[in-house]
Amino acid sequence: MKIEVEIVNHEFIRIACTGEMQVDILKRLEGDLVYKEVFQKQQPIIIKNPGYEEICESCKFFQDCIEMGEIGVPIIIHGEVVGVIGLLAFNQAQQARLFENIEGILTFLDRMADLLASKLDQYYMVEELEMHNKKMMKMLDLVQEGVLITDQNARIIEMNEQAKNILGITDQKLLPLHVKKFIERVLDEESVENQTFELHHQLFQKALIVTKKVIFSKNQSKEILLTLQDVETIQGIAERASEEQMKSLQHIVGSSKQINEVKAYAFKASQSKSTILIQGESGTGKEVFAQAIHQVSKRKDNMFIAVNCGAIPENLLESELFGYEKGAFTGASAIGKVGKFELANGGTIFLDEIGEMPLHLQVKLLRVLQENEIERVGGNKVIPIDVRIIAATNRELSELIGEGLFREDLYFRLNVIPMMIPPLRSRPEDVRSLCDYFIREYNELFNANVQGFNKEVMDVMLQYRWKGNVRELKNFIEYLFNFIQNGYITMENAGTLIERKLDIATLTEVRPTIYSLEKMEKEHIEKAIEYVKKNKQNIEDAASLLGISRATLFRKLKKYHNEI
């Protein structure tokens with residue numbers, strides 16, 4: 001065109017130009033008023049008399065401009081001016097050529113601006129796609145699963161770092177033979193959803209859980225997404241999750257085999273919705289276990305409500321459990337009252353000393369278990385509830401059933417998941433742990449500095465039968481803290497206190513009750529016979545229960561015929 005050309009960006013930096021202006025490339029323009037006008041008006045600006053037009057008045061080159069003509073056209077992307085393409089004349093010949101066909105020049109510049117805009121837009125799109133791709137790969141590298149994309153011929157297109165680690169490779173372009181065969185086996189399967197495949201190698205073998213999805217298919221070309229999970233890793237995560245969930249149960253003091261078995265059993269029970277019946281002597285920690293079960297269950301974010309059925313008067317227990325409507329009885333609140341079952345909705349209700357519940361309330365409780373609904377005292381509206389019931393007792397419910405004091409159908413409804421807390425005397429190793437725990441607790445409460453029990457006192461603690469179990473042990477330690485608050489507790493400084501509180505004379509007399517094998521055998525046969533009679537079964541069923549033949553059973557029955 002034999003006219004000078006320049007392109008400036010949104011910061012008025014000359015990024016491309018011809019002629020003598022090239023010495024100032026990538027520098028900011030000294031006179032940029034015309035281009036600013038182009039940006040503001042988003043339309044071409046024509047300057048026929050540079051240095052003397054109105055737009056030039058505030059320019060430092062006013063009336064001293066070296067240009068003899070200028071046309072600026074905006075470069076627009078998505079409605080926004082991102083730069084200007086300008087044609088400049090510095091002599092009369094260029095001036096004549098610039099203005100001899102302004103309409104043609106503007107059409108040409110518009111097309112050039114559109115071409116630049118489209119190229120720049122394309123560049124931005126490619127740049128954005130590359131950035132998006134990098135983000136996606138970073139995200140894929142953060143996930144626990146191995147992710148890879150392959151074609152139908154098992155050639156890797158893309159894979160994340162986790163996939164490389166799982167497959168044991170460093171370069172996706174150089175696949176070991178055992179990895180390639182593994183991928184081919186997966187691709188040969190028509191449908192793969194969380195399916196286990198073995199990755200075989202001379203030095204190792206690992207099981208992987210694989211899912212396959214076709215993400216692109218056209219003609220004979222396919223792209224397939226594979227997700228990989230190492231079974232061993234998943235098991236480790238599951239174990240850690242279980243350990244995290246079990247924290248509330250692990251906080252229960254005790255490390256004996258018996259108590260650890262109860263903790264493990266309680267955790268499994270906590271993950272279900274079924275009713276639990278906790279049995280155990282008084283003071284063994286039935287409510288502690290009930291609370292821990294709630295804390296590791298899916299209901300932990302909702303209420304845990306504890307009700308002692310033996311501590312509330314019979315005439316008040318019904319309204320405590322089920323609530324009442326206003327005016328239900330004399331002395332009732334004018335606005336009524338919400339019962340414990342409603343308060344525990346979505347959570348857990350713990351019914352301690354369930355054996356003390358009156359028979360008429362046992363009927364209402366049975367309905368709650370069967371229908372998942374309650375009615376308030378004095379009301380006729382059914383209220384649906386979602387409550388998990390954990391019941392507890394230190395009494396033998398089967399005896400209460402025999403005495404007509406407990407409903408057999410309610411017992412079966414409560415005893416879906418039976419749970420037994422062992423007495424403290426059967427796990428003496430837990431006495432030490434509990435002593436340490438209660439000493440720390442009472443040191444803080446009494447602002448004391450008791451170091452522990454010496455061997456002689458600890459031997460007494462280990463031999464004592466603790467009929468009141470953990471509760472009795474705790475109360476005994478609190479009793480000692482009222483008199484001793486420093487150093488070790490010994491027989492010298494606590495002997496008299498211990499004798500007043502514990503029956504020391506029984507320590508040497510305590511020994512396990514041992515029956516003869518013959519007596520144990522007779523009792524087992526007797527129980528088996530009673531069971532089959534009660535359930536209207538045959539003598540062969542009794543033999544099966546005992547694990548002996550029918551002939552052997554008859555021989556032993558003959559032996560004990562005077563006693564059974």
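1. Glu-375 and Arg-367 form a salt bridge in this predicted model, with their closest N and O atoms 3.5 Å apart. The term denotes a side-chain nitrogen of Lys or Arg within 4 Å of a carboxyl oxygen of Asp or Glu. Glu-375 is partly exposed at 24% relative accessibility, and Arg-367 is partly exposed at 35%. Here buried stands for under 20% relative accessible area, exposed for over 50%, and partly exposed for what lies in between (1.4 Å probe, protein chains only). The model is a prediction in which local features need pLDDT of at least 70 and side-chain atom pairs count only at pLDDT 80 or more, while totals for chains, interfaces and linings use all residues. Residues are numbered from 1 along each chain as its sequence is written, and side-chain values use heavy atoms, with hydrogens and water left out.

2. The count of salt bridges by this rule comes to 22. One of them joins Glu-356 to Arg-395, with the closest N and O atoms 3.1 Å apart. Glu-356 sits in the loop between strand S13 (348–352) and helix H12 (359–371), and Arg-395 in the loop between strand S16 (388–393) and helix H13 (397–402), so this pair ties together parts 39 residues apart in sequence. Helices (H or I, at least four residues) and strands (E, at least two) are DSSP runs numbered from the N terminus. Both partners are partly exposed, Glu-356 at 36% relative accessibility and Arg-395 at 34%.

3. A further salt bridge links the side chains of Glu-441 and Lys-474 at 3.6 Å, N to O. Because Glu-441 belongs to helix H15 (residues 429–446) and Lys-474 to helix H17 (residues 469–481), the pair ties together parts that are 33 residues apart in sequence. Glu-441 is partly exposed at 29% relative accessibility, and Lys-474 is partly exposed at 29%. Elsewhere, salt bridges that share partners join Glu-320, Lys-337 and Lys-340 into one network.

4. The largest nonpolar core has 30 residues, of which Phe-341, Ile-349, Leu-351, Ile-354, Leu-365 and Ile-389 touch the most other members. Such a core is a set of buried Ala, Val, Leu, Ile, Met, Phe, Trp, Tyr and Cys residues joined through side-chain atoms within 4.5 Å. Two or more residues come from each of strand S12 (304–308), helix H10 (314–322), S13, H12, S16, H13 and helix H14 (408–414). H12 gives the most to this core, with five residues.

5. Leu-365 is in contact (heavy atoms within 4.5 Å) with Phe-322, Phe-341, Leu-351, Ile-354, Met-357, Ile-389 and Leu-410, neighbours within four places in sequence being left aside. A second, separate core comprises 29 residues, among them Cys-435, Phe-438, Tyr-442 and Val-457.

6. An open sheet of five strands has the order S7-S6-S10-S9-S8, with antiparallel pairing. Strands count as paired if DSSP finds at least two bridges between them. S7 and strand S8 (195–200) stand at the edges with a single partner strand each, so one side of each has no neighbour in the sheet. On average, neighbouring strands are turned by 35° against each other, direction ignored. Axes are lines fitted to C-alpha atoms, for helices over the stretch in contact, and angles run from 0 to 180 degrees between N-to-C directions.

7. Within this sheet, 10 bridges join the antiparallel strands S9 (residues 205–218) and S10 (residues 221–230). Lys-213 has Leu-225 of S10 as its bridge partner. Helix H5 (residues 177–188) packs on the sheet and touches S6, S7, S8, S9 and S10, its direction making about 155° with that of S8.

8. Strands S6 (residues 146–151) and S7 (residues 156–159) run antiparallel and are joined by three bridges. Thr-150 has Ile-156 of S7 as its bridge partner. The hairpin of S6 and S7 has four residues between the strands, and Ala-154 takes a positive phi near 70° there.

9. Arg-97 is found in helix H2 (residues 92–99) and is partly exposed, with a relative accessible area of 29%. Leaving aside neighbours within four places in sequence, Arg-97 is in contact with Met-1, Lys-2 and Ile-3. The C-alpha atoms of Arg-97 and Lys-2 are separated by 8.1 Å, although the two residues are 95 residues apart along the chain. The side chain of Arg-97 reaches the backbone oxygen of Lys-2 at 3.0 Å.

Technical notes:
A polar contact is a pair of N or O atoms within 3.5 Å; within protein, one must be able to donate a hydrogen and the other to accept it, and residues adjacent in sequence count only if both atoms are side-chain atoms.
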